Amino acid sequence: MRIDAPAFIEFSVYILKEPGQPAKKEFIIQSGDDPEQWEETIKYTSGDRQYNFTTYKKDLQYKYKIDPDLFYLIWYQQEVNQFAVMDPQERFRIFAEMHGIDQVQRNWEESMEKLKEVQESLRTADINVANKKQWLGMAKVALERYEDNRKRLVEGGRMYAGALLKLESFYKQEQHHLVAKQDQLLVDQEAAKDSLDLLQEQAERINYELSQVQTENERMNEEITLLQEKLSLVNNEINETTNVINELNHQLKELNQEKSGITRTEEEVQGQLAAITLQLQALNNDTGKAEADIQESEAVIEDLMNSSYILHAQIQQDKALEYEHQGRLWQYHSSYDVNKNIAALEQRISDFKHEQDRKVKLLQELTEEGLQLEHNRLWSERQRESLALFRANGVRAYTLNELIELDDSARPAAEEQFEAIKYTVFFDGMHVQAPNDLYHVPLRSIVPDRSVTDIQKLQIHVKKGISDDVFPHAVKALWWVEQFYQVGEIRVEKGMLIDPRGIRGPQEKKNYILSQKALQKRKEEIQKNTSQLNTVLADIEDSIKNDTQTMQELHAIIQAVRESEAFLTRKHEREGRVTKYTLEVLRLDEQKQQLQEIKVVHKKILEKLVKLKHAEEILQQEADFYVRLGQQKEQFETLQQKTKHRQSLTAQQDMMKQQSDTLEEQLDQIKDNERQLNRKQAKNHDDAEQVTRTLQQVNVQLKDTNEGLDASQINLLTAIEEIEDFKGTARFIYDELINELEPEPNNVKKKQSLVKLRQEYESGKVTFNNARYETGLDPAAPDNYKVIEEEVLRLQDEYKRTSLLFEENQERAETLRDQLETTINMRVLEIQQRFKNYMSGFQFEGQIDWKQQEDRKGRVLFHLFIRARKEGHRGTLEDVSVKARGGRVGKGVSGGEESLSSLLFALALLQNLQTAPGFIVMDEFDSALDEQRKLKVFDLYASELKRKLIILSPKSHENSYLDRFSKAYIVHHDPTVPWSKVTGLILKRE
């Protein structure tokens, strides 16, 4: 009770009724400490924006705690009579308003209207969904065609661009290879030219030697001819000397027989024998030396042949290894680059794994948050701790976001004003040992002063869809929140909790938990982020796998690359082997020629040795002969002289023959040398032809290489031009492809087949161009499909919501219909029993019933019938609105009976009204009643109602009637003034 309230309050009503106009009412409330001088006056009129009848009723109920229905109920004569004359439909409306049935009826009618609207909306939604699905089907066809085109465009473009990039790389690699091959061919060409020049020099030297040999041959032939001529002269002289000797021999036959073989004198024999002995010793020495030289030369030749074979094999092996190692280094560049790539790959793998761990952790957090959102359990860690405590103790507990939520129209930012209290935990109990510093509110200690389900100022309401047993807790929580935003010591201002002890900020980190919009948006973000994270994790896994495989390949090849580098650093050794091989081949040829010359000399020495031994034997026989020669000395001396002369001639002949043989041998040697030189010349010619053919082959290969290099450059330029054209046409495909190819080290790319690359190029180009120039596509197909799909989903959701709403409204309408029929039946039965009793007191039968029916427009109409007939009549009970016509019995009632029925019906109504008015004002209720019925009706009202009655009547009354009242007044009205005067009557009672 407020101590500053006024001492007096007056309530009044003013009614103005002008002819032909409806009555105008004005309610006035005056308050103050002096009734003669009111301090405040408030007038309530119909149509006023601030002080209207609705405001008047609310002020009476909530400000002044007054219910008008508990104090007065005014009945006018017209309204009473209307019960009889009015249509049963209008009568039911009045009846319903008086018993509160009208609200139930309106609720049911509104539910039926809403049900029809929802049914129509459902039908419309169904049609819209079907239409949109047709549109969606057409859009999907366009989308599939567009996506297929885009897929072919992207796949063809990627294949086309990838093939171009691979071709570019291939042609670059091919150029590098061809340049290396060109350099190698140039080296081979120079080597072949050098070999050819060397062979030409050898050919000139051989030709010179051959010309010298041919000149020597001619000279030797001339000497042999001259010697043969001299030999012929000596032969003639020998023949003459032989004849003389024959004559002497005849004389000295026996001695001559021994002497026949002796051609020298004793002194000559002795001298020649000593000389031959010395010559034999010298030839034996020369023979040993020649044999030693032959053995030494053959050993050198064997060593040179072995070393040249080894060098030749090493040179061939070097060429094969050089090609292999150059190819490897052309592919991998160097071991430094391989190590660098390995380090880069290891760092990339490490970075990918760290990124993978971070993404997995983030995915787990998002998944957990998504599950919390899905099950409406978006709780903080401290809330989980508190809820676990309550769950362990068997106490029901709720978080604030389980009980209330933001309005659908509220922005998510409106939630920020609850930061200091929105993590509060409510529990169904009185006391708890709180596990943390969150608010823990006992629901049993919250006693709201009213039922509140929404707070428009704070844009919050009780959460939709909660169960009936949780609903009272939600109402308490909502009322509890409201208290913080009212003026007081404990309040929330700007998101801060203020109390007499201090100020407290947010309970947890900023997060939206009350806004369904924000939660739905967060769910969508989580789904989107989860999908993106899964895609990123799959890409990271593929990258790690590919990089690991590449790194393993590099680890496997790095030792081979190092061996290739070491091999190339030993180029001087390989060149040295080639030079050494060439020199040793020349030395081998020279050594073979020298060996041949030594063998010829050795042969000649052997031949001389054999001849000297034979001569030694002959000289020894001759020496023995001279010992036996004795007495026939003179003849013998003559014979000897002749013989000696002949021997001299023979010796001269032999010498000439020997000279001839020597010349022949020298000539044969010269011919052998000539043949050897001819063979060398032929071999030189063959080698020169071989080198020439090799040089021609090198020139051809060099020409082919140059042509291939030119063609490769043209192909490279063509590929680069096509790449630039492709960039201008489909830059996004090129950039995406480049981004995918960048992480792969260039020096580990595998060389691919040109045929496959060309096939890939042609296939990608055809696919790309076909997709690029395809007509009849709709670029807006994805957006159109998405818009239509969203619209279909929206319409489907709308259809589902409408279906649920239709079922809810249908159920609600049935419930309200049952409630309405039950309420009507109960009220009618209550009134009907009283009405029958009241009517029987006046010798009438009475009945009250009702019915409902639909009109042509489908509206449900309710009718209330007041049926009456005199007791004993055989006719049917008719409604009192049916007038008696032609005096026919049982057909209608008279005017007095009509009023009587209406009054008795009104009395029955007053007995069953929900309100209990303190007084009853009856305006001209007795106009159509005779005196007997008037008194009886008044007594019945007084005995049944047992409250103050105010009667307004234009008729004068007998004392027996006036004696029933405690006060009586007469109103005099002078129309000429105009003015009315009220005079009180003094009632005398015996």
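Before anything else, a note on how I name elements: helices (H or I, at least four residues) and strands (E, at least two) are DSSP runs, numbered from the N terminus. I also remind myself that this is a predicted model.

**Entry 1: positive phi**

Most residues other than glycine have a negative phi. Gln459 is not a glycine, yet I find a positive phi of about 60° there. I place Gln459 in the loop between strand 9 and strand 10 (460-462). Its relative accessible area is 28%, so I log Gln459 as partly exposed.

I noted His333 as well, which has a positive phi of about 70° and is not a glycine either. His333 sits in the loop between helix 6 (266-332) and helix 7 (335-374). With 48% relative accessibility, His333 goes down as partly exposed.

**Entry 2: a buried isoleucine**

Is Ile446 buried or exposed? I get 5% relative accessibility, and the cut-off for buried is under 20%, so Ile446 counts as buried. I find Ile446 in the loop between strand 8 (440-442) and strand 9 (454-455).

Which residues is Ile446 in contact with, once neighbours within four places in sequence are left aside? I list Phe426, Val441, Lys476, Trp479 and Trp480.

**Entry 3: salt bridges**

How many salt bridges are there? My count comes to 30. Side chains of opposite charge can pair when their charged atoms come close.

I have Arg145 as partly exposed at 37% relative accessible area, and Glu774 as partly exposed at 24%.

Next I looked at Lys172 and Glu168, which form a salt bridge with their closest N and O atoms 3.3 Å apart. Both lie in helix 4, 4 residues apart, about one turn of the helix. Lys172 is partly exposed, with 45% relative accessible area, whereas Glu168 counts as buried at 16%.

Then I checked Arg219 and Glu216, whose side chains meet in a salt bridge at 1.9 Å, N to O. These two are 3 residues apart in helix 4, which means a separation of about one helical turn. I note Arg219 as partly exposed at 36% relative accessibility, and Glu216 as partly exposed with a relative accessible area of 27%.

**Entry 4: a leucine in helix 12**

I moved on to Leu586, in helix 12 (residues 571-628). Leu586 is partly exposed, at 25% relative accessible area. Not counting residues up to four places away in sequence, I see Leu586 touching Leu198 and Gln202. I also took the C-alpha separation of Leu586 and Leu304: 9.9 Å, for two residues 282 apart along the chain.

**Entry 5: surface patches**

Which residues gather in a patch of negative charge on the surface? I wrote down Asp33, Asp34, Glu36, Glu39 and Glu40. Of this group I looked up Glu40, which is found in strand 3 (residues 40-45). Glu40 is partly exposed, with a relative accessible area of 39%.

I found a nonpolar patch on the surface too, formed by Tyr969, Val971 and Val982, with about 330 Å² of accessible area together. Tyr969 lies in strand 19 (residues 968-974). At 54% relative accessible area, I mark Tyr969 as exposed.

How values were computed
Residues are numbered from 1 along each chain as its sequence is written. This is a predicted model: local features need pLDDT of at least 70, side-chain atom pairs count only at pLDDT 80 or more; totals for chains, interfaces and linings use all residues. Side-chain values use heavy atoms; hydrogens and water are left out. Patches are made of residues with over 30% relative accessible area and no salt bridge: like charges are joined within 9 Å, nonpolar side chains (Val, Leu, Ile, Met, Phe, Trp, Tyr) within 5 Å. Accessible areas come from the Shrake-Rupley method with a 1.4 Å probe; for residues, only the protein chains shown count as cover. A salt bridge is a side-chain nitrogen of Lys or Arg within 4 Å of a carboxyl oxygen of Asp or Glu. Lys and Arg count as positive and Asp and Glu as negative; His and the chain ends are not counted. The place of a charge is taken as NZ of Lys, CZ of Arg, CG of Asp or CD of Glu. Buried means under 20% relative accessible area, exposed over 50%, partly exposed in between (1.4 Å probe, protein chains only). Contact means heavy atoms within 4.5 Å.
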